Amino acid sequence: MTSQNRNIVLLPGDGIGPEIMRVAVRVLKDCASEFGHHFEFAEFPFGGCAIDATGMPLPAETLAACRAADAILLGAVGGSKWDALPIGKRPESGLLALRKKLDLYINLRPIDLRPSLRSLSPLNADRSRDVHIDFVRELAGDIYFGEHRVESDASGERATDEAVYTTGEIERVAKYAFARAEARTGRLASIDKANVLSTSQLWRRTVTRLAADHPGVKLEHLYVDNAAMQLVLAPAQFDVILTSNLFGDILSDLGAALAGSIGLIPSMSCGLGPSVYEPIHGSAPSLAGKDVACPVGTILSASMMLRESFGLKQEAGWIESAVDRLFLQGIRTTDIAEPGMTTVGCSEFGERLHVGMLGALDRHERSGRGV
Ligand code: IPM
Ligand code: MG
């Protein structure tokens with residue numbers, strides 16, 4: 001086994017961000033000592049806490065550290081304290097700026113219904129079977145990055161949000177989705193609103209043209225309204241879903257709800273710069289400081305980092321099995337609590353995971369395969 005030295009930048013952010021980050025970092029440290037890697041962690045202000053400290057959600061020092069990192073682990077940003085700020089000055093604009101500056105144009109959000117949590121899904125037993133969807137969301141274009149304008153005159157206000165896509169922007173993310181589908185079951189659903197939007201028509205034309213280079217992929221196109229319905233009625237029909245920034249934002253939350261809790265879902269944002277890994281949930285201000293948040297989305301983001309950025313498949317699997325073992329033992333956070341199970345706080349979930357991992361380490365060493 002080759003040991004790796006890696007620099008990981010941590011952006012805990014706001015709300016529950018710091019609590020869930022602490023748990024995930026401990027998991028990464030346990031993993032490093034188990035497998036003989038060396039992970040260096042450096043924490044930087046980002047989001048609302050960075051606005052408070054420096055006046056900006058993405059300070060230059062934070063951006064510079066991110067550019068130089070091997071990978072970035074992010075908690076969550078935002079909170080009511082900064083809600084009155086205009087667009088462009090809010091914590092969320094730091095997140096968008098980070099995505100843009102690092103050219104992170106792919107956002108991968110895997111929705112897996114873990115067998116031990118299947119009963120949490122709002123879907124009935126039939127529909128929740130075999131749901132493993134990879135959402136590939138375009139992340140650096142669309143209405144998110146067009147011009148946002150508000151004008152006013154005597155008759156009132158008028159707001160405009162411009163949505164823009166270029167062929168190149170669609171091609172680069174679509175190529176990733178085709179490759180992902182090829183590596184899975186070969187089914188790719190591209191979701192748009194081509195019956196109304198010209199950006200969607202360009203999207204559909206571009207994706208259709210690329211399909212010729214991927215004969216092994218079975219491509220279908222769906223309108224976003226129909227896709228939302230199909231995701232609820234028959235989610236197992238989907239394998240890889242490719243969609244634009246705004247539709248991906250909305251549909252991936254719907255997907256997370258199918259998995260039982262938005263707290264469980266990790267994500268990777270990648271492109272030209274170092275990749276950013278973050279849970280797809282927000283900063284949940286109402287839960288912050290109460291030690292009740294679910295750290296699983298962040299823990300699984302950390303394992304995704306190991307697999308996708310560092311090629312450490314075994315290590316990622318080791319973390320994921322430890323999480324699954326806790327679920328099988330009935331250890332749950334509040335959002336995924338069920339009768340007869342043991343409900344624990346965020347830090348206790350981390351503690352139990354740590355102990356469970358050390359248990360696995362003992363077994364590992366006893367079997368003579370220790371590192
Ligand atoms: C997400 C979030 C962000 C987005 C917000 C916080 C700007 O909802 O990552 O899904 O809309 O992209
Ligand atoms: Mg979102």
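Modeller: A salt bridge is a side-chain nitrogen of Lys or Arg within 4 Å of a carboxyl oxygen of Asp or Glu. This is a predicted model, in which local features need pLDDT of at least 70 and side-chain atom pairs count only at pLDDT 80 or more, while totals for chains, interfaces and linings use all residues. Residues are numbered from 1 along each chain as its sequence is written, and side-chain values use heavy atoms, with hydrogens and water left out.

Biologist: How far apart are the closest N and O atoms of Asp 103 and Arg 172?

Modeller: Helices (H or I, at least four residues) and strands (E, at least two) are DSSP runs numbered from the N terminus. Asp 103 and Arg 172 form a salt bridge. Asp 103 lies in the loop between H4 and strand E4 (106-112) and Arg 172 in helix H5 (residues 167-183), so the pair ties together parts that are 69 residues apart in sequence. The closest N and O atoms of the two residues are separated by 3.9 Å.

Biologist: Is Asp 103 buried or exposed, or partly exposed?

Modeller: Buried means under 20% relative accessible area, exposed over 50%, and partly exposed in between (1.4 Å probe, protein chains only). The relative accessible area of Asp 103 is 28%, so Asp 103 is partly exposed.

Biologist: Which residue meets the side chain of Glu 278 in a salt bridge?

Modeller: Glu 278 has a relative accessible area of 6% and is therefore buried. Leaving aside neighbours within four places in sequence, its contacts (heavy atoms within 4.5 Å) include Leu 74, Leu 95 and Ser 301. The salt bridge, at 3.6 Å from N to O, is with Arg 99.

Biologist: How many residues apart in sequence are the parts that Glu 278 and Arg 99 tie together?

Modeller: Both Glu 278 and Arg 99 are buried. The side chains of Glu 278 and Arg 99 meet in a salt bridge. Glu 278 is in the loop between E12 and H9 and Arg 99 is in helix H4 (residues 91-101), so the separation of the parts they tie together is 179 residues.

Biologist: Which residues are linked with Asp 134 in a network of salt bridges?

Modeller: Asp 134 is buried, with a relative accessible area of 3%. Its side chain meets that of Arg 180 in a salt bridge of 2.8 Å, N to O. Asp 134 lies in strand E5 (residues 132-138) and Arg 180 in helix H5, so the pair ties together parts 46 residues apart in sequence. The residues linked with Asp 134 in the network are Arg 180, Arg 184, Asp 239 and Glu 308.

How values were computed
Chains lettered and ligands numbered in written order.
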